[in-house]
Amino acid sequence: MLNLVPLLLANGIVFGAIYGINAVGFSILYNSTNIINFTQGEFVMLGGMLTYALYEQAHLPLWLAALGAIAATTAIGLLVERLAIRPLWRRQAKDWTYVFMLFAVATVLPNLVMLLISRDAHTLPAFGGAATLKLGSVTFTSQAVWVLALTLVIAVALHGFYNHTLLGKAMKASAVNARAAAWMGIPVERMVALSFALAALLGALGGIVFTPLTSTQFNAGVSFTLKGFGAAIIGGLGNITGAIVGGLMLGILEALSTAFISSLYGDAVTYAILFVILLVRPTGFFRPLVELREQEI
Amino acid sequence: MLVAENLTVSYGHIDALKGVSLRVERGEFVGVIGPNGAGKTSLLLALSGAVPAQTGRILLDGEDLTAVPQHLRVGRGMAIVPEGREVFGPLSVMENLELGAYHRRAAPRAEVRADLEMVLDLFPILRARTRQLAATLSGGEQQMLAIGRALMSRPRLLLLDEPSLGLAPVVTQEIFRTLGRLHAQGLTCLLVEQDAALALATTSRSYVFRTGLVVAEGGSAELRQSPLVEEIYLGGEGTTSC
């Protein structure tokens, strides 16, 4: 059984990378709005299901279907912000109002997908065909390599965005103190919209590269939301690197516990371990990118 | 330059400003003094667009800003150094200053760069701390950062809300000396200050606020002798800060 460990680790890393991308979506929104986005997993589901619809049902080439799904999911993210979040924001709703509103959206979206696209589980062909990458005793499929490369690109790009672009800094400032940000001339509402778009885009990307590994279905979002949120918390909510590390930890834990304890209790064991980690490190392993709402408001 | 007419601001049932009118001419250094709760901060929040004015008009160089959203007012030439500084604590000093120039992001880089040098020359202590997080600065340094951040927007009118709050007297002096220098270079300033003696010594003309109304106005030198000002500050309604 122990000689399976490298393989399990590799598997865990690939799945963990997806959780990490998703956790980054949580962190982006938290960084600019203080909101926990409970529709994040739905964006992952939409990425997969919309690509399926465009590829299998509308017969577009795979790359075009993927691009279309990313664009559509991003648009849906913007729509969610415009219709569900901005009206609350303008009336200075309490944080829990957002949570409930987003749960409502997370219920509507999968049902729409079930009615309009399909109620069955679907998969997509692997992007790189059947090519594989061999590292020691472990073989990565081309899809796994895609996942890992994408995760790396996202981490580096976002790091640069938040630390080296004025727009990224303005998004951080909006999260720290919206009123002071507006005094600087930063259109805070547009920053919120932009972070929803960014979170949706990342979710869609994650869903698209993930789907060929197994499959996706209209109701897959909830589990992605939970795992993404869990990964973001382990990593330290709001920290991009932390989100990815948290995702990887979660993925590896899941792979090992499924193999060594029982696949039956896979999620239960994963969350039990999460529970222990949080008791020991309540704020996660990394500091947030911005420490929100300090004494200064 | 700035004309405010009959401004009213209320928070729920509490009227913070009950119809205040005031003017600031180009190149002036005007003070607003008064005890706690007189509506001084509400005035600046309304002028800068952070809270809506229920009635009245705000004109800057003849342009009506009353309906202009908060984030567009800095572009019209008005910057604020808010009460309690409100620097972006988790961001670096440099990032705070860069964000001060956010509305000028289309301006030539060299121009913004030159203003950054000007601010860092004005407050040399910030130059040594550009990479430090703003939250780790002392109160006085944060105040300097808040002023520098406001200057990065190249304002024509600078609104200052209690820049002396919580600072040691020697730091306050240093900051007010700098403000005096900026004014001498032509910057128009509107200073809200609870420390009446300090404000009246700094400004040339002042308004005295009490419970949301202007109860006196005039030359700062004359107001120093005014029995009314003395009464407000010694009469038990609010206290002078030291």
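Helix 3 of chain B passes helix 6 of chain B in a right-handed crossing, in what is a predicted model. The two helices, residues 93-100 and residues 139-151 of chain B, pack at about 35 degrees, and their axes lie 7 Å apart. On the helix 3 side, the residues that meet the partner are B:Val93, B:Asn96, B:Leu97 and B:Gly100. Helix 6 of chain B answers with B:Leu145, B:Gly148, B:Arg149 and B:Ala150. Sorted by class, this contact has four nonpolar, three polar and one charged residues. Some background on the spacing of such residues: an α-helix has 3.6 residues a turn, so residues three or four places apart point the same way.

**Two loops with positive phi**

B:Glu86 lies in the loop that runs between strand 6 (78-81) and helix 3 of chain B, and B:Arg154 lies in the loop between helix 6 and strand 7 (157-161) of chain B. Phi of B:Glu86 is near 50 degrees, a positive value in a residue other than glycine. B:Arg154 also has a positive phi without being glycine, near 55 degrees.

Are these residues buried or partly exposed? B:Glu86 is buried, because 21 other C-beta atoms sit within 10 Å. B:Arg154 has 19 other C-beta atoms within 10 Å, so it counts as partly exposed; the cut-off for buried is 20 or more.

**Chain A overall**

Over in chain A, there are eleven helices and two strands. Reading along the sequence gives α-α-α-α-β-β-α-α-α-α-α-α-α. The C-alpha trace spans about 60 × 50 × 35 Å along its principal axes. For 297 residues, a compact globule would have a radius of gyration near 19 Å, and chain A agrees with that, since its own value is 19 Å. Of those 297 residues, 51% count as buried. As for contacts between residues at least 6 apart in sequence, 76% of them in chain A join residues at least 24 apart.

| Pair | Apart in sequence | Apart in space |
|---|---|---|
| A:Leu256 and A:Leu9 | 247 residues | 7.4 Å |
| A:His159 and A:Asn239 | 80 residues | 9.8 Å |

A:Leu256 belongs to helix 10 (residues 240-260) of chain A. A:Leu256 has 19 C-beta neighbours inside 10 Å, so it counts as partly exposed. Setting aside neighbours within four places in sequence, A:Leu256 is in contact with A:Leu8 and A:Gly12. A:His159, for its part, is found in helix 5 of chain A. With 14 C-beta neighbours inside 10 Å, A:His159 counts as partly exposed.

**Where the chains touch**

Why does helix 6 of chain A count as largely enclosed by the rest of the structure? Eight of its eleven residues are buried, so helix 6 of chain A is largely enclosed. The buried residues are A:Lys169, A:Ala170, A:Met171, A:Lys172, A:Ala173, A:Ser174, A:Ala175 and A:Val176. Their cover includes helix 1 (5-33), helix 5 (142-164), helix 7 and helix 8 (188-210) of chain A. Helix 3 of chain B is also part of that cover, and this is the helix that crosses helix 6 of chain B in a right-handed way.

**The nonpolar core**

Finally, the largest nonpolar core has 163 residues. Which residues have the most contacts inside it? They are A:Val24, B:Leu159 and B:Leu190. Leaving out neighbours within four places in sequence, B:Leu190 is in contact with B:Leu2, B:Val24, B:Val30, B:Val32, B:Leu157, B:Leu159 and B:Leu160.

How values were computed: Residues are numbered from 1 along each chain as its sequence is written. Chains are lettered from A and ligands numbered from 1 in the order in which they are written. This is a predicted model: local features need pLDDT of at least 70, side-chain atom pairs count only at pLDDT 80 or more; totals for chains, interfaces and linings use all residues. Axes are lines fitted to C-alpha atoms, for helices over the stretch in contact, and angles run from 0 to 180 degrees between N-to-C directions. Helices (H or I, at least four residues) and strands (E, at least two) are DSSP runs, numbered from the N terminus. A crossing is left-handed if the near helix is turned anticlockwise from the far one by less than a right angle, and right-handed if clockwise. Two residues are in contact if their C-beta atoms, placed from the backbone, lie within 7 Å. Ala, Val, Leu, Ile, Met, Phe, Trp, Tyr, Cys and Pro count as nonpolar, Asp, Glu, Lys and Arg as charged, and the others, Gly among them, as polar. The radius of gyration is taken over C-alpha atoms; the globule rule is 2.2 Å times the number of residues to the power 0.38. A residue is buried if 20 or more other C-beta atoms lie within 10 Å of its own, exposed if 12 or fewer, and partly exposed in between; C-beta atoms are placed from the backbone. A nonpolar core is a set of buried Ala, Val, Leu, Ile, Met, Phe, Trp, Tyr and Cys residues joined through C-beta atoms within 7 Å.
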